[in-house]
Amino acid sequence: MNEFRLLGPLEALIDGNSVNLAAAKPRALLALLLLHRNRVVSTEALIDELWGDEPPARATKTLQVYVSQLRKELGPERLVTRAPGYELRVAEDELDIDRFEKLTAEARERLAVGDAPGAVDGMRQALDLWRGRALLEFREPFAERAAARLEELRLAAVEDWLLAALEAGEAAGIVPELEELVAEHPLRERPRELLMLALYRAGRQADALELFRRTRELFVSELGIEPGASLRELEQAVLRQDTALSGKTRAEGTTSTSPAAARLRRRRAPWALVAVAVAALAAAAVVAALLVHDGGTSSPPTTPGADPQVRSFVYKLENFLTQSHDGRAQVMRAIAGAFDCSLPPDVAAGQLDQVQRNRQSLLEQVAALHVPGSETTLQASDLFQKATHASIAADWIYRDWLRSRPACPHGGRPPAAARAADARATSLKQRFLVVFDPLAERFGRRTWKANEF
């Protein structure tokens with residue numbers, strides 16, 4: 001049995017035997033390669049992600065030593081050298097992240113067709129794969145970003161599990177779980193929406209309305225914004241005691257779809273598509289690797305400019321850039337507002353939080369994007385993800401710094417760590433644009449600048 005586990009402390013089993021990796025850096029290298037399984041990761045990228053801006057003097061040689069150590073434990077056929085770096089080959093269902101995404105996608109499909117009890121069981125199986133916080137042991141540059149992405153996937157699954165339980169008629173039973181989730185993530189709207197609906201179905205209409213009142217008060221004071229449209233619509237439905245909120249079954253084994261419940265379900269539908277797409281991409285990568293390394297043949301890469309798949313890739317990436325541009329504008333307004341004292345630091349930090357949640361969703365969409373097999377498109381996709389991660393990391397530093405400020409900084413300078421993170425993000429954006437802008441021009445699309453996304 002071969003198995004890799006990242007949803008908790010890093011563990012690896014080869015032929016049923018535990019892989020012994022005591023040193024921190026080889027463990028970090030294995031975790032990093034697992035996150036990029038079945039794809040070539042360049043030596044340069046590995047060095048950047050393992051050491052950041054302070055690599056050792058002989059970083060390439062040191063990396064080769066770590067790769068050699070991993071090969072002894074994993075086998076030479078699993079960790080292969082492929083220019084310009086290395087590829088870790090992981091079969092379907094060997095990694096717990098892949099199993100988690102497969103189970104959650106299947107559970108969401110069950111919920112979509114009205115099988116709420118089946119969805120509850122499927123989500124519980126998926127969540128049981130988690131043995132603790134992912135990547136908690138690592139302090140390397142890649143770890144915080146990847147951990148945030150995985151935690152977002154876990155939270156989405158928890159929310160869908162609770163929605164399925166709600167649709168299965170367990171409203172009163174899940175109220176404590178939802179109250180705990182709201183307390184842990186007070187600015188996350190979906191748990192509050194689920195809790196309002198659960199309270200209403202449990203016969204606690206007054207408590208549901210009180211929850212909305214407290215939510216509005218919190219959002220206005222912390223973020224300077226009203227609750228979202230879904231929460232406001234749910235409040236109105238509760239006030240008029242809309243019969244569609246009851247969720248009573250119409251026939252045995254079939255759960256009715258109230259407008260609120262249907263809306264809650266639709267809001268998570270993209271995650272199911274992401275999970276299915278990621279699984280499909282991983283499977284395709286495994287097949288391609290087997291063809292290349294086991295003596296098979298494959299078609300030579302087509303010329304990027306002549307390939308309709310490349311055209312589609314460029315258009316979709318351009319759409320992601322447009323979305324990222326809007327987020328960048330919001331971030332700049334929030335930071336500028338904090339420095340010119342038009343926004344209290346805590347409100348500006350809250351606005352950064354809101355943008356970051358949207359950008360994490362964007363990253364999931366990028367991860368699921370089909371990338372044609374040319375070197376240029378693969379490089380563009382890789383650099384865009386790195387640049388976006390670096391930009392998000394810089395914004396987190398600004399957010400944490402603003403939270404620590406009791407009052408307006410009165411024109412002060414951002415912290416050195418934020419300036420350094422900004423410079424790193426800008427450098428990665430420029431590297432991405434060197435690859436992407438010529439592709440965009442080839443298809444008559446606009447070109448971009450590093451400060452636009």
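This is a predicted model: local features need pLDDT of at least 70, side-chain atom pairs count only at pLDDT 80 or more; totals for chains, interfaces and linings use all residues.

At what angle do helix α8 and helix α9 pack, and how far apart are their axes?

1. The α8 and α9 pair. Helix α8, covering residues 189-201, packs against helix α9, covering residues 205-223, at an angle of about 160°, and the two axes are 7 Å apart. Since angles over 145 degrees count as roughly antiparallel, α8 and α9 are therefore roughly antiparallel to each other. The crossing of α8 past α9 is left-handed. On the α8 side the residues that meet the partner helix are E189, R192, L195, M196, L199 and Y200, and on the α9 side they are Q205, D207, A208, L211, F212, T215, L218 and F219.

2. The chain as a whole. The protein chain contains 15 helices and 6 strands, and of its 453 residues 52% count as buried. Among the contacts in the protein chain with a separation of 6 or more, 70% are accounted for by residues 24 or more positions apart.

3. The sheet of β1, β2 and β3. These 3 strands form an open sheet in the order β1-β2-β3, with antiparallel pairing. The edges are taken by β1 (3-5) and β3 (17-18), each of which has a single partner strand, so one side of each is left without a neighbour in the sheet. Between β1 and strand β2 (residues 11-14) the antiparallel pairing extends over 3 bridges, and within it F4 stands opposite A12 of β2.

4. The sheet of β4, β6 and β5. Here too 3 strands form an open sheet, in the order β4-β6-β5, and the pairing is antiparallel. Its edge strands are β4 (41-42) and β5 (79-82), each of which pairs on one side only. Strand β6 (residues 85-88) runs antiparallel to β5 and is joined to it by 4 bridges, with L79 standing opposite L88 in β6. Helix α1 (residues 24-35) lies across β4, β5 and β6, and runs at about 75° to β6.

5. The α1 and α6 pair. How do these two helices stand to each other, and which residues make the contact? Their packing angle is about 45°, with the axes 11 Å apart. This value lies between the limits of 35 and 65 degrees, and angles there count as oblique; α1 and α6 are therefore oblique to each other. The contact is made by A28, A31, L32 and L35 of α1 together with F142, A146, R149 and L150 of α6. An α-helix has 3.6 residues a turn, so residues three or four places apart point the same way. The crossing in which α1 passes α6 is left-handed.

6. Helix α6 on its own. This helix, residues 141-167, has 27 residues and reaches 41 Å from its first C-alpha to its last, which is close to the 39 Å expected at 1.5 Å a residue.

7. Helix α2. In helix α2 (residues 43-51), 8 of the 9 residues are buried, so this helix is also largely enclosed by the rest of the structure. The buried residues of α2 are T43, A45, L46, I47, D48, E49, L50 and W51. Just after α2, a positive phi of about 65° is taken by G52.

8. Two single residues. Apart from neighbours within four places in sequence, R399 is in contact with A349, L352 and D353. By contrast A112, found in helix α4 (residues 96-112), is exposed, with a relative accessible area of 54%. A112 and A164 are 52 residues apart in sequence, while their C-alpha atoms are 9.8 Å apart in space.

Conventions. Residues are numbered from 1 along each chain as its sequence is written. Side-chain values use heavy atoms; hydrogens and water are left out. Two strands pair if DSSP finds at least two bridges between them. Contact means heavy atoms within 4.5 Å. Axes are lines fitted to C-alpha atoms, for helices over the stretch in contact, and angles run from 0 to 180 degrees between N-to-C directions. The expected span of a helix is 1.5 Å times one less than its number of residues. Angles under 35 degrees count as roughly parallel, over 145 as roughly antiparallel, 65 to 115 as roughly perpendicular and the rest as oblique. A crossing is left-handed if the near helix is turned anticlockwise from the far one by less than a right angle, and right-handed if clockwise. Buried means under 20% relative accessible area, exposed over 50%, partly exposed in between (1.4 Å probe, protein chains only).
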